[in-house]
Structure formats: C-alpha cells, structure tokens
Amino acid sequence: MKRLNSQLQEDGAPMELILLIRTLLAGCKEISFRVSQGALAGVLGSLLSENVQGETQKKLDVISNQILKDILKESGYVKAISSEEEDDVVGCHPEGKYLVSFDPLDGSSNTDINSLIGTIFSITHAPQWMEADDPSAFLQPGTQIVAAGYVLYGPSTMLAMSTGRGTHIYTLDKTHGGFLLTEANVEVPEQTKEFSINSSNQRHWEEPMQNYINDLIAGDEGPRGKNFNMRWVGAMVGDIHRILSRGGLFAYPFDKRNPKIAGKLRLLYEANPMSFLIEQAGGAATTGDRRILEVMPEEIHQRVPVIMGSKEEVETCVTYYAKK
Ligand code: FBP
C-alpha cells in the first residue's frame, strides 16, 4: 500500500508542506495512543475550566491541544496557530510559512462513552508581512486552504486528507506507525437516502430547514417519494467520515435560540476543513445561502450554519431556503 508521503508528493505538495503535515500527524498519533488508553491513563472526564466558547473542557481536549501546540511550535514551519481550545492565536515561528487552525478533539461529548472522536485541521499560507500573533492573518476564506483533513480515532485510526488534488483516505498501520493509503480519490455519491442532524433542536430551526427535514421524514408518503434514514454520531468527524464513505447529508443549521450566533460549528477549524474535503470529493457545502468556502471570516472562533454532503441532496435542501 502507498504511504502518505508518496501520495502527497504525487499530488504536487511542496516539501515544506509535506513536512508540516507529517509533524501534525505525529501529534495525532500521540493523541490516538492517549485516547486509546482512556481510563487506564486517567484521561477521561472533565476539568473545571471552560474554553473561550463557554464549553466545559474535557481532559482530552486540553491534552490534545497541548500535544499539537507543542509539536507545531517546535516545527519551525508554522507562523501561528488558532485552536478551539485557545482564546487567541498563538504565535509560533516568525519565519514560519504556514498558519494552522485546528479542533484538537472534535466530538468532546463522546470522549467518556468510548465513541468516535477526532482532530480536524486546515492549513493556509501565512502572510509574511504580518506579526505572528496577529489574528487577522487567519481571516482568509476557505478557498485559500492549501491542505485540510481530519484524523478519526475509532476502531481504526483513519485520516482523510486533501491538498487540493482530490480527497484520499488513509489507515494508521500501528505496526510501523505510518498512514497507508486505503482509498484514493474518494467520490461522494451525488444522491443519498441518509441524513444527519440533531433533530432534538427542530423547533429552534428556521422554517426552510423544518420543512426540508419534515419532507425527508415523510419518506415515500411525502413529496420526496422515497424513504430516508437518519444517523447522528454527535461528532462531526464521525458523520463526515460516513458521508465520505457512502454519501449522505449532514446539517447543523442556524438556531433561533441564539440569533446572534449563526450556528454551533466553527468556520476556521470545523466547517472550512470539512467543506474542503467534501468538495474535493465531489460533494457540496453551504450555509444555506452561500458556499461555506467563500465565507469571509470576521473572527477566529466565528460560527456558521452548515449543510454539506451529497451534491444533489445539498442542492435540494438549498431550494427550501430559496423559497424563504
Ligand atoms: P466540539 O468540537 O466541542 O466537540 O463540538 C462540535 C460537535 O461536537 C460536533 O462534532 C458535532 O457534530 C456537534 O458538536 C454535536 O452537537 P450536539 O451535541 O448538539 O449533538
């Protein structure tokens, strides 16, 4: 099986970017090991502290964040990082060519139930004329991403990765610690019979999303004329991996409960990297009224509504918003 390095070279990734990706993944391998130890290493459970989003931090959130922060700062390739678990950007190496945004442990509510969790990351070029700790360096639309991916900590540790030449999936071979290519040029089926949303929030959604989901649930007795199945992992990394594997639609829409914020999921280190992977695999990703990758960020922890997956199904969902 092909190793990650050769695929990245084949995709024309510059050597310094390849070295940065390998550094980041070395951190993820350590996280994979810590996660797999669980209660044996006392890493389960919550801390008393909250992150900048007001969420109670899990021990593994903080451990994962520290592992990635340390390894990226030491690397010399990175000018600055932004993380879900850091209030502000963290300056690294003034000569660093890249910026890295990451969610060190996505699906925090799954850590203590031995369910799917993961690390999500995106990499952009660092404007050389900016100070390393200047947050405005990160305010680049997702169309500027040079590489993005996630590592899924599940029965296998798997990586989905793109440098803009298709999305490929790799599996960590724990015998020698390398990621091996297990599926090249993933293609998300354009049509699907599977959707993924936290339906317990339905009453708080805007009318278009309520109507769209009601029509899916109405199945072959409704206007869609076919039955749909529902899945919700509670970790975006798990739901998107399923969609890359067999298609589907994932949504975390706008929620009237807190109209000041546009959604739950963060643009820089959740919505953008996942949109990049989905689009590179032939799918689509929208806020409901525009392509997520074209959203101009205003601040590093900005949230957006998210609808992504099988192209035709996303387009169908968007037609409900057009009727608004
Ligand atoms: P974290 O990064 O803090 O885990 O939050 C994001 C997330 O867990 C997503 O991975 C997931 O899709 C969503 O929140 C689950 O939300 P809910 O708890 O409302 O089902």
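Two strands count as paired here if DSSP finds at least two bridges between them. Helices (H or I, at least four residues) and strands (E, at least two) are DSSP runs, numbered from the N terminus. The structure is a predicted model, with local features needing pLDDT of at least 70 and side-chain atom pairs counting only at pLDDT 80 or more, while totals for chains, interfaces and linings use all residues. Residues are numbered from 1 along each chain as its sequence is written, and side-chain values use heavy atoms, with hydrogens and water left out.

Take the five-stranded sheet to begin with. This open sheet has mixed pairing and the order β12-β11-β13-β15-β14. Its edge strands, β12 (229-230) and β14 (284-286), each pair on one side only. Strand β11 (residues 194-196) runs parallel to β12, and two bridges join them; F195 sits opposite M230 of β12.

There is also an open sheet of eight strands, again with mixed pairing, ordered β4-β3-β5-β6-β7-β8-β9-β10. Here β4 (90-91) and β10 (178-183) are at the edges with a single partner strand each, so one side of each has no neighbour in the sheet. Further in, β6 (residues 117-125) and β7 (residues 147-153) run antiparallel and are joined by seven bridges, with T119 facing V151 in β7.

Pockets and cavities were found on a 1 Å grid over the protein atoms alone: a cavity is a set of points where a 1.4 Å probe fits but cannot get out, a pocket is an open set with protein on both sides within 12 Å along at least five of seven lines, and lining residues have an atom within 4 Å of a point. Grid points are joined across faces, edges and corners, and a volume is the space filled by probe spheres set on the points.

The largest pocket holds about 370 Å³. Of the 25 residues in its lining, G107, S108, S109, G234 and K264 lie nearest the centre. At least two lining residues come from each of β2 (56-58), β5 (98-106), α5 (236-246) and β13 (249-252), and β5 gives the largest share, three residues. By class, the pocket lining has seven nonpolar, eight polar and ten charged residues (Ala, Val, Leu, Ile, Met, Phe, Trp, Tyr, Cys and Pro count as nonpolar, Asp, Glu, Lys and Arg as charged, and the others, Gly among them, as polar).

As for the ligand, 17 residues surround it, the closest being D103, D106, G107, M236 and Y252 (near means a heavy atom within 4 Å). Polar contacts are pairs of N or O atoms within 3.5 Å. The D103 side chain has an N or O atom 2.9 Å from a ligand oxygen, and for the N198 side chain the distance to an oxygen atom of the ligand is 3.0 Å. K264 likewise places a polar side-chain atom 3.0 Å from a ligand oxygen. Taken alone, the ligand exposes 470 Å², and the protein buries 87% of that (Shrake-Rupley areas, 1.4 Å probe).

One cavity of 30 Å³ or more turns up. The largest cavity has a volume of about 80 Å³, and residues lining it include S101, F138, Q140, L268 and N272. Both β6 and α6 (267-280) give two or more residues to this lining, which divides into four nonpolar, six polar and no charged residues.

Methods. Polar contact = N/O pair within 3.5 Å; in protein donor to acceptor, adjacent residues only side chain to side chain.
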